[in-house]
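User: I am new to reading protein models. Please walk me through this one.

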Amino acid sequence: MKYIHYDGADVLTGDLIADAVADYAAILGANTRTDTIAVPCVGDDGTLERTRMLVGPSSELLLREAPDDLLEPEDPAFIRRLRDAAARCGDVLPVNADGRTLFVGAADDA
């Protein structure tokens with residue numbers, strides 16, 4: 001599990017979901033676009049819920065590891081939606097710290 005730190009709040013979600021959100025925000029930022037997404041997450045009371053986020057060029061997301069939990073949300077349809085939307089977003093791909101472009105079309109992570 002991972003926390004997505006977003007606008008002063010921590011959103012607890014699954015590893016693949018958190019990674020997909022960060023990748024999507026990077027693609028949106030590189031193409032100067034925004035989107036509002038409803039991220040599957042674990043609420044304070046342990047129930048599964050969704051948190052709406054505006055992501056794009058000014059998104060400042062921080063992902064950090066969280067304790068593993070049996071209730072880790074998994075939502076392959078949500079991840080696929082983000083990956084598909086990223087592929088349609090534009091031609092500009094962000095470059096990571098290693099100088100490699102971010103690949104967003106990975107079918108094996110959804």
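Analyst: Helices (H or I, at least four residues) and strands (E, at least two) are DSSP runs, numbered from the N terminus. Here the protein chain has two helices and five strands. From the N terminus on, they run β-β-α-β-β-β-α. This is a predicted model: local features need pLDDT of at least 70, side-chain atom pairs count only at pLDDT 80 or more, and totals for chains, interfaces and linings use all residues. Residues are numbered from 1 along each chain as its sequence is written, and side-chain values use heavy atoms, with hydrogens and water left out.

User: How do I describe two packed helices?

Analyst: Two packed helices are described by the angle between their axes and the distance between the axes. Axes are lines fitted to C-alpha atoms, for helices over the stretch in contact (heavy atoms within 4.5 Å). Angles run from 0 to 180 degrees between N-to-C directions. In this model, the axes of helix 1 (residues 15–30) and helix 2 (residues 76–89) cross at roughly 15 degrees and come within 10 Å. So helix 1 is roughly parallel to helix 2 (angles under 35 degrees).

User: Which residues of helix 1 and helix 2 make the contact?

Analyst: Helix 1 contributes residues including L16, I17 and Y24. Helix 2 contributes F78, L82 and C89, among others.

User: How do strand 3 and strand 4 pair?

Analyst: Two strands pair if DSSP finds at least two bridges between them. Strand 3 (residues 35–42) pairs with strand 4 (residues 48–55) in the antiparallel sense, over eight bridges. I37 has M53 in strand 4 as its bridge partner. Their hairpin has five residues between the strands, and G46 takes a positive phi near 90 degrees.

Conventions:
Parallel < 35°, antiparallel > 145°, perpendicular 65-115°, else oblique.
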